[in-house]
Amino acid sequence: MSSATVKFQPEYSQPILQEIMEKSGQNLLSCYQCRRCAAGCPVSDEAGVTPDRLIRMIVFGQKDEALNNLLVWRCVACYTCGERCPNNIQTAKITETLKQMSKKAHLEALSPKIASFHEAFIKSAIDNGRLSEMDLMMTYGKKNAQHELKKGGGWKAVIAELKGQAKLGLALYKKKRVHLGSEKVKNLSEIKKLSKKAEELK
Amino acid sequence: MKIAYYPGCSLHASSAFYDVQTQMVAKRLGVELVELEDWNCCGATSACKTDNFLSIALPARNIGIADASGLDELVIPCSSCYSRTLVSQKVLADNSDLRDTINSELTKKVSGRIRVLSIIELILKQLNSKDFSEKLKYKLEGFKPACYYGCLLTRFPYDIKIEDNVENPQGMDIICKKLGAEPVDWNYKTDCCGASATVNDADVALRLMSKIMKDAIARGANCIVATCPLCQFNLDAYQDMVGEKYGIQRRLPVYFITEFIGLALGISDKDLQIDRHLIDASGLLKEIKQV
């Protein structure tokens with residue numbers, strides 16, 4: 001758990017606070033640090049930061065800390081924090097916003113595997129209109145391997161990951177739970193239009 | 001009775017047997033499921049994490065198709081698809097500018113007429129009819145399920161009201177009791193299984209699942225029952241890994257609620273494709289008794 005003192009930096013706080021409140025649709029100023037969110041957060045052990053701390057960082061203008069902590073990436077979007085918040089703040093919407101901001105600022109994801117997974121998922125969903133699990137795992141595996149090699153994990157790490165996936169894949173195949181084909185939406189142009197619109201609005 | 005049906009991508013791939021079961025069970029209950037024509041992926045959690053517009057627009061296309069179907073209700077068995085569709089519907093009801101922007105790209109426009117149901121809500125609607133009791137051929141005696149609802153059936157990132165209790169939902173428990181099973185009272189009903197973290201953040205997912213498994217076992221459950229294909233998949237496919245890492249010896253079969261109802265209605269385990277489980281789910285079937 002992070003115990004670093006949070007410093008108030010008024011000159012920085014306004015722009016980042018406004019930006020995140022607008023993009024996430026959450027009123028961060030209503031947080032009175034009751035920490036019900038922290039008590040319910042299932043990933044706080046691994047993330048090292050609880051939702052209340054993240055909110056505090058943003059309110060105090062600590063942009064770098066807010067963008068570079070593991071809660072942003074390891075948040076599983078279970079919505080427990082938001083459900084229990086007496087002020088209806090959905091921290092999952094804040095972590096989503098920070099992920100998107102981090103990508104836009106071309107920051108390296110603190111957890112590249114998580115970033116690669118979601119990007120691969122959306123790519124497959126948009127390419128075919130329906131998700132192909134095979135497509136997803138191939139694209140994700142490729143991105144992951146590239147990253148692993150770049151950061152110096154070497155082929156050993158790549159092979160270890162692939163071995164694990166192959167073992168599970170075989171067990172699933174035996175139970176007829178692996179689907180090799182992919183389905184396509186007939187009116188794929190409509191999906192492409194929505195995707196184009198999304199790019200325009202970014 | 002005709003109801004629109006959105007299977008979603010999982011039910012056309014790794015959880016295809018859940019699609020088969022849902023259709024069979026609905027038919028036996030006198031509900032005709034009409035699959036949405038040319039439906040698309042809802043974007044799931046990945047859309048929220050990468051693109052706000054798509055997270056609303058992708059389910060909106062399906063809502064438009066459902067709104068134009070002339071039917072009143074749309075059942076969505078997958079919790080993620082269910083949640084994302086409800087959220088999109090809510091956001092578009094509150095934000096007419098965004099609704100207009102999205103509608104201008106769609107052939108079938110969102111009008112907001114369709115009512116979205118989870119599989120639990122669909123079954124609960126049938127449960128109290130005299131017909132339903134008459135259709136029950138078998139009792140699930142000896143089944144002590146831990147009813148596992150997961151995150152997305154009761155918690156939403158927007159103000160969406162549901163009928164069940166948010167922290168201690170009862171819908172699946174009520175169904176199980178009606179079928180003669182004895183659901184256990186436990187703590188991890190609505191805790192997270194890790195969802196896609198099993199693939200991209202395994203340490204988190206395995207630990208979350210270890211808590212679910214330990215509590216279910218400690219409370220005397222002899223199986224888990226779920227409605228979400230990803231919850232079922234994770235707890236089924238990764239249970240051995242969780243057990244090995246956290247020293248849990250027992251293994252529990254992880255059923256879909258449609259398997260429970262299907263069995264009680266007298267559909268064979270073969271037709272329900274219960275052999276597709278990774279953790280053997282056939283042992284408990286011997287306990288089933290004729291009504």
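Predicted model: local features only at pLDDT ≥ 70, side-chain atom pairs only at ≥ 80, totals over all residues.
Figure 1. When neighbours within four places in sequence are left aside, the contacts of A:Ser124 are with A:Gly129, A:Arg130, A:Leu131, A:Ser132, A:Asp135 and A:Leu136.

Figure 2. The C-alpha trace of chain A spans about 55 × 40 × 30 Å along its principal axes, and 50% of the 202 residues of the chain count as buried. Of the contacts in chain A that link residues at least 6 apart in sequence, 64% join residues at least 24 apart.

**Figure 3. Aromatic pairs around B:Phe256.** Over all chains, a search of the whole structure finds 11 aromatic pairs. In the pair of B:Phe17 and B:Phe256, the ring centres are 5.5 Å apart and the planes stand at 65°, and the pair is therefore edge-to-face. Because B:Phe17 lies in helix α1 of chain B (residues 16–28) and B:Phe256 in strand β8 of chain B (residues 254–256), this pair ties together parts that are 239 residues apart in sequence. B:Phe17 and B:Phe256 are both buried. B:Phe256 also forms an aromatic pair with B:Tyr18, and here the arrangement is stacked, with 3.8 Å from centre to centre and 5° between the planes. B:Tyr18 counts as buried at 0% relative accessibility, and B:Phe256 is buried with a relative accessible area of 0%.

**Figure 4. An aromatic cluster in chain A, and charged ends placed over tryptophan rings.** A:Phe117, A:Phe121 and A:Tyr140 form one aromatic cluster. Elsewhere in chain A, the charged end of A:Lys99 sits over the ring of A:Trp73, at 5.9 Å from the ring centre. Between the two chains, the charged end of A:Arg130 sits over the ring of B:Trp39, 3.5 Å from its centre; A:Arg130 is also one of the residues in contact with A:Ser124.

**Figure 5. The interface of chain B and chain A.** The contact takes 60 residues from chain B and 55 residues from chain A, and the two chains bury about 5,400 Å² between them, with 57% of this area on carbon and sulfur atoms. B:Lys49, B:Glu105 and B:Asn200 supply 13% of the area that chain B buries against chain A, more than any other three residues.

**Figure 6. Polar features of the interface and the elements of chain B that take part.** Across the interface of chain B and chain A there are 6 salt bridges, and 29 residue pairs are in polar contact, both residues being at pLDDT 80 or more. The side chains of B:Asp201 and A:Arg74 meet in a salt bridge with an N to O distance of 2.7 Å. On the side of chain B that touches chain A, the elements giving two or more residues are α2 (44–50), α3 (52–67), α9 (197–200), α10 (202–218) and α11 (229–237) of chain B. With 7 residues, α2(B) gives the most to this side.

Definitions and conventions:
Residues numbered from 1 in each chain as written. Chains lettered and ligands numbered in written order. Heavy atoms only, no water. Phe/Tyr/Trp six-rings, centres within 6.5 Å; stacked < 30°, edge-to-face > 60°. Helix = DSSP H or I, 4+ residues; strand = E, 2+ residues; numbered from the N terminus. Buried < 20%, exposed > 50% of the residue type's maximum accessible area, 1.4 Å probe, protein only. Lys NZ or Arg CZ within 6 Å of the ring centre and 35° of its normal. Contact = heavy atoms within 4.5 Å. Buried area = accessible area lost by both parts, 1.4 Å probe. Salt bridge = Lys/Arg side-chain N within 4 Å of Asp/Glu carboxyl O. Polar contact = N/O pair within 3.5 Å; in protein donor to acceptor, adjacent residues only side chain to side chain.
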